[in-house]
Amino acid sequence: MKRFGNLYERICSWDNLELAARRARKRKRYRWYAENFELHRESVLREVRDELLGQRWQPAPYVTFRVYDPKERLICAAPYRDRIVQHAVCNIIAPLLERSFIGHTYSCRAGKGTGAARTHCRQLVKQYRYALKADVRKYFASIDHAILKAKLGRHIKCRPTLALLDRIIDSWQTTDQPPAWFADDDLLTPLARSRGLPIGALTSQLFANLYLSRIDHLIEEQLRPGGYARYTDDLVLFADSKRFLWDALDRLRAEFATERLQAHPVKSRVLACRDGVSFLGFRFGPDWTRVLPDNVRRFHRRLAALRRAVRAERRQLTRVWPAISGWFQFVREQPGSAGLVLAECQRQVF
């Protein structure tokens with residue numbers, strides 16, 4: 001495996017920091033923190049660059065908040081200048097790490113994404129009789145820092161870059177999840193190992209793809225199912241043999257354990273494709289596609305909340321169309337969605 005060096009100067013270059021600032025501002029240009037940054041753009045970038053070149057840059061604490069849609073998650077927002085640094089890092093290392101990714105890893109990759117993942121899954125459901133859905137329990141909270149750093153070290157040999165990545169990784173640690181023991185652990189091993197990546201950080205998405213990349217290659221090169229797709233920690237394997245898929249699940253559980261991960265005890269199971277396979281908000285059958293009912297209920301709850309906000313303050317009316325438009329963009333993958341859109345437009349009154 002080729003290891004890449006001489007990356008740090010490219011990360012710290014002025015052109016790369018300018019590009020990182022533009023990407024950090026995307027879809028946030030009217031937020032107060034983005035506008036404040038633009039007022040002092042050159043001085044802040046110069047300060048960040050000097051800190052990076054002197055290897056003095058340290059991540060600031062994340063701002064955290066919880067969301068409950070569809071389940072409780074702790075979301076972490078980095079300060080704006082730290083987001084610029086994370087973009088600068090990903091601008092350089094992401095293309096290098098992605099060379100080792102398989103083609104059917106879809107999360108947060110240029111030219112991939114949820115649409116491509118759903119299209120691939122829909123095609124595979126039509127071709128095979130059974131599907132194995134494998135899900136990692138508390139994936140981001142379970143990623144082991146030492147293992148992740150070792151994986152990065154197998155791709156990158158630039159020491160300043162690895163030191164910078166170590167600081168980003170060490171800036172967050174899971175504290176609200178119970179410890180997990182694996183083979184050869186003693187009583188205190190889980191407490192001595194730091195783990196967890198902040199959900200919401202740009203680098204976390206890249207690290208999450210890298211962490212399971214070895215499992216991707218094992219599936220495609222050794223298990224060799226009929227079809228395969230992964231989106232972050234959602235893995236779907238397809239075959240015509242149910243026994244093959246159950247054996248594959250046993251192998252995956254063992255391989256997850258070597259990465260100090262656990263397969264979800266409920267969500268990891270073998271399904272008949274004729275009954276539908278749930279993936280990224282849809283249930284795909286051989287000749288049909290349906291939006292998952294939970295997604296429909298969440299959409300109606302959001303609109304009900306918007307309706308109450310509009311009644312209290314008419315200025316909130318500007319939020320309605322973006323919410324409805326986003327939903328229409330989502331459901332357009334379901335056949336016959338034009339009728340669904342028309343019916344929704346007729347029933348929603350503000």
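## Basis

The model is predicted, so local features need pLDDT of at least 70 and side-chain atom pairs count only at pLDDT 80 or more, while totals for chains, interfaces and linings use all residues. Residues are numbered from 1 along each chain as its sequence is written, and side-chain values use heavy atoms, with hydrogens and water left out.

Helices (H or I, at least four residues) and strands (E, at least two) are DSSP runs, numbered from the N terminus. Buried means under 20% relative accessible area, exposed over 50%, and partly exposed in between (1.4 Å probe, protein chains only).

## Salt bridges

A salt bridge is defined as a side-chain nitrogen of Lys or Arg within 4 Å of a carboxyl oxygen of Asp or Glu. Over the whole structure, the search gives 20 salt bridges. One of them joins Glu-42 to Arg-46, with an N to O distance of 3.7 Å. Both residues belong to helix α4 (residues 41-53), and because they are 4 residues apart they are separated by about one helical turn. Glu-42 is partly exposed at 49% relative accessibility, and Arg-46 is partly exposed at 42%.

Asp-176 and Arg-66 form a salt bridge at 3.5 Å, N to O. Asp-176 is in the loop between α9 (159-170) and α10 (189-192) and Arg-66 is in strand β1 (residues 63-68), so this pair ties together parts that are 110 residues apart in sequence. Relative accessibility is 41% for Asp-176, which counts as partly exposed, and 39% for Arg-66, also partly exposed. Arg-260 and Asp-185 form a salt bridge at 2.8 Å, N to O. Here Arg-260 comes from the loop between α13 (242-258) and β6 (269-272) and Asp-185 from the loop between α9 and α10, so the pair ties together parts that are 75 residues apart in sequence. Arg-260 is buried, at 13% relative accessibility. A network of salt bridges links Lys-151, Arg-214, Arg-251, Glu-255 and Glu-259.

## The β7-β8-β9 sheet

Three strands make an open sheet in the order β7-β8-β9, and their pairing is antiparallel. Strands β7 (277-279) and β9 (289-291) are at the edges with a single partner strand each, so one side of each has no neighbour in the sheet. Direction ignored, neighbouring strands of this sheet are turned by 25° against each other on average. Such angles are taken between axes, which are lines fitted to C-alpha atoms, for helices over the stretch in contact; angles run from 0 to 180 degrees between N-to-C directions.

Two strands count as paired if DSSP finds at least two bridges between them. β7 and strand β8 (residues 282-284) are joined by 3 bridges and run antiparallel. Val-277 has Phe-284 in β8 as its bridge partner.

## Positive phi

Most residues other than glycine have a negative phi. Leu-280, which is not a glycine, has a positive phi of about 55°. Leu-280 sits in the loop between β7 and β8 and is buried at 18% relative accessibility.

Cys-108, also not a glycine, has a positive phi of about 55°. Cys-108 is in the loop between α5 (80-97) and α6 (113-127) and is partly exposed, with a relative accessible area of 43%.

## Cavities and a pocket

On a 1 Å grid over the protein atoms alone, a cavity is a set of points where a 1.4 Å probe fits but cannot get out; a pocket is an open set with protein on both sides within 12 Å along at least five of seven lines, and lining residues have an atom within 4 Å of a point. Grid points are joined across faces, edges and corners, and a volume is the space filled by probe spheres set on the points. There are 3 cavities of 30 Å³ or more. The largest cavity holds about 80 Å³, and its lining includes Asp-144, Phe-182, Arg-193, Arg-195 and Arg-260. That lining divides into 4 nonpolar, 1 polar and 4 charged residues. In this scheme Ala, Val, Leu, Ile, Met, Phe, Trp, Tyr, Cys and Pro are nonpolar, Asp, Glu, Lys and Arg are charged, and the others, Gly among them, are polar.

The second largest cavity holds about 50 Å³, with 6 nonpolar, 2 polar and 1 charged residues in its lining. The second largest pocket has a volume of about 540 Å³. Of its 19 lining residues, Ala-24, Lys-28, Arg-83, His-87 and Gly-200 are the closest to its centre. The elements α2 (14-25), β2 (72-77) and α5 each give two or more residues to the lining of this pocket, which divides into 9 nonpolar, 3 polar and 7 charged residues.
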